[in-house]
Amino acid sequence: MDENQILEFAERFVGAIQTGDVEAVRACYAPDAKLWHNTDDIEQTVDQNMAVLAWFIKTLPDRFYRVLYRAAVKDGFVQQHILEATLPDGTKWKMFACVVVRIENGVIVRLDEYLDSAQAKALRAFGR
């Protein structure tokens, strides 16, 4: 993939998460992709991540990704963003994050997500 294709892929991927299109998100991953978060240091499978995504969509129906920075790299992309939403109790919430995504053969093979642990903790208070 060239730089433009990578950036278009990143836009589709983040857009699918934002709109809650679980099948489009799944289609962006290789079947054996690994997803890791700094807040728990656990590698998830795609199926495990899809379960979290389903909960996430239900819990934060008005989520919005404010992308601050996105750059293509030779094997994927890096993105810095702020996730903004309303928590189930009505509180406005935001979480700063950065993802490092590796792509092979047009699909994600690894996604490392760095989240603000205090902000993630506030979200986890509503389950998961």
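Me: What does V22 touch, leaving out residues up to four places away in sequence?
Reply: V22 touches M50, L53 and I57. Contact here means heavy atoms within 4.5 Å.

Me: What kind of model is this, and how are residues numbered?
Reply: This is a predicted model, where local features need pLDDT of at least 70, side-chain atom pairs count only at pLDDT 80 or more, and totals for chains, interfaces and linings use all residues. Residues are numbered from 1 along each chain as its sequence is written, and side-chain values use heavy atoms, with hydrogens and water left out.

Me: Back to V22. Which element is it in?
Reply: V22 sits in helix α2, residues 22-27. Helices (H or I, at least four residues) and strands (E, at least two) are DSSP runs, numbered from the N terminus.

Me: Is V22 buried, exposed or partly exposed?
Reply: V22 counts as partly exposed because its relative accessibility is 24%. Buried means under 20% relative accessible area, exposed over 50%, and partly exposed in between (1.4 Å probe, protein chains only).

Me: How far apart are V22 and V100 in space?
Reply: They are 20 Å apart, C-alpha to C-alpha. In sequence, V22 and V100 are 78 residues apart.

Me: New topic. How many helices and strands are in the chain?
Reply: The chain has four helices and six strands. From the N terminus on, the elements run α-α-β-β-α-β-β-β-β-α.

Me: What is the strand order in the sheet?
Reply: The order is β2-β1-β6-β5-β4-β3, in an open sheet of six strands with mixed pairing. The edge strands are β2 (42-44) and β3 (64-73), and each pairs on one side only. Two strands pair if DSSP finds at least two bridges between them.

Me: How many bridges join β1 to β6?
Reply: Five bridges join β1 (residues 29-37) to β6 (residues 107-115), and these strands run parallel. H37 stands opposite E113 in β6.

Me: Which strands does helix α1 lie across?
Reply: Helix α1 (residues 3-19) lies across β1, β3, β4 (76-86), β5 (92-104) and β6. It runs at about 155° to β3. Axes are lines fitted to C-alpha atoms, for helices over the stretch in contact, and angles run from 0 to 180 degrees between N-to-C directions.

Me: And α3?
Reply: Helix α3 (residues 46-59) lies across β1, β2, β3 and β4, at about 65° to β1.

Me: Which residues have the most contacts inside the largest nonpolar core?
Reply: F13, Y29, F56, F77 and I108, in a core of 38 residues. Helix α1 gives the most to this core, with seven residues. A nonpolar core is a set of buried Ala, Val, Leu, Ile, Met, Phe, Trp, Tyr and Cys residues joined through side-chain atoms within 4.5 Å.

Me: What about Q79? Buried or exposed?
Reply: Q79 is buried, because its relative accessible area is 1%. Q79 lies in strand β4.

Me: Which side chains make polar contacts with the Q79 side chain?
Reply: The R70 side chain does, at 2.8 Å. So does the H81 side chain, at 3.0 Å. A polar contact is a pair of N or O atoms within 3.5 Å; within protein, one must be able to donate a hydrogen and the other to accept it, and residues adjacent in sequence count only if both atoms are side-chain atoms.

Me: Last one. What share of the 128 residues is buried?
Reply: Buried residues make up 41% of the chain.
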